[in-house]
Amino acid sequence: MRTAANALAASRAVATLPIAWAITQEERWLAFVWFSAAALTDLADGWFARRGRRDVFGELLDPLADKILVGGTTVALAFARSISLELAVLIVVRESVVAVARLAAYRAGTHHAAEGYGKAKTALQFAALALVVAAHPMAPAHGTVVAVLWGVALLGIATGDPRVRLEAR
């Protein structure tokens, strides 16, 4: 964790545990606060990373921390029956495939920082998940919020990831 950016990314991944606990205990407000704070560390670590020297480990850690946060929160939401199992599987499988492709590229010696579309997808995914975390499953807006998460998940599948597309060739 030699840099502030890496420490923030690691904290984002670790924050998944209290978020999942709060969701499964129906402590939605607490889960929302934890999730929002964790998501904001993505902005902060980016700010620190752009001001420091290039850090290949950080280029790997940052998106993996995002995927851990998204995957863990998604599984907790499915466990709490706030989203369908199908949606959870779609999100977790997509994030896992991209994570494996990133790790394979890292091992092969090719390192790529996140690109514009990936950053936008992550921001939309964080926003949609935050809304689902905050919306009680019986709230009138819950269906709309879950529909937004479905849209973001399908967008993630449709746009894919350049590393996955390159590996498939």
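**Notes on an all-helix predicted model**

1. Let's start with Asp66: its relative accessibility is 8%, so it counts as buried. The residue sits in helix 4, which covers residues 56–79. Its side chain has a polar contact with the side chain of Arg12, at 2.7 Å. Skipping neighbours within four places in sequence, the contact list for Asp66 reads Arg12, Asp42, Thr122 and Phe126.

2. Helix 2 (residues 16–24) has the highest confidence, at a mean of 97, while helix 8 (residues 162–168) has the lowest, at 50. Where pLDDT is low, the predicted coordinates should not be read in detail.

3. On to the overall layout. Of the 169 residues in the protein, 44% are buried. Take the contacts between residues at least 6 apart in sequence: 78% of them join residues at least 24 apart. As for the surface, the accessible area is about 9,000 Å², with 70% of that belonging to carbon and sulfur atoms.

4. The largest nonpolar core has 31 residues, and Ile23, Phe35, Ile83 and Leu149 are the ones with the most contacts inside it. Helices 2, 3, 4, 5 (85–107), 6 and 7 (142–159) each supply at least two residues of this core. Helix 6 gives the largest share, with six residues. As background, nonpolar side chains in soluble globular proteins tend to be buried together.

5. Which residues does Ile83 touch, leaving aside neighbours within four places in sequence? They are Thr74, Leu77, Ala78, Ala88, Val132, Val146 and Leu149. Leu149 turns up here as a contact of Ile83, and both are listed among the residues with the most contacts inside the core.

6. Aromatics next. Searching the whole structure turns up two aromatic pairs. Phe35 and Phe126 form an edge-to-face pair, with 6.0 Å centre to centre and 85° between the planes. This pair links distant parts of the chain, since Phe35 is in helix 3 and Phe126 is in helix 6 (residues 116–134), 91 residues apart. Buried or exposed, for Phe35? Buried, because its relative accessible area is 0%. Phe126 also counts as buried, because its relative accessibility is 7%. Note that Phe126 is in contact with Asp66 as well, which brings us back to point 1.

7. Not counting residues up to four places away in sequence, Gln125 touches Val70, Ile91, Glu95 and Val152.

8. Last, a residue with some surface. Ala44 lies in helix 3 (residues 28–51).

Methods:
Residues numbered from 1 in each chain as written. Predicted model: local features only at pLDDT ≥ 70, side-chain atom pairs only at ≥ 80, totals over all residues. Heavy atoms only, no water. Helix = DSSP H or I, 4+ residues; strand = E, 2+ residues; numbered from the N terminus. Buried < 20%, exposed > 50% of the residue type's maximum accessible area, 1.4 Å probe, protein only. Contact = heavy atoms within 4.5 Å. Areas by Shrake-Rupley, 256 points an atom, 1.4 Å probe, with all protein chains shown as cover. pLDDT = per-residue confidence, 0-100. Polar contact = N/O pair within 3.5 Å; in protein donor to acceptor, adjacent residues only side chain to side chain. Phe/Tyr/Trp six-rings, centres within 6.5 Å; stacked < 30°, edge-to-face > 60°. Core = buried A, V, L, I, M, F, W, Y, C linked by side-chain atoms within 4.5 Å.
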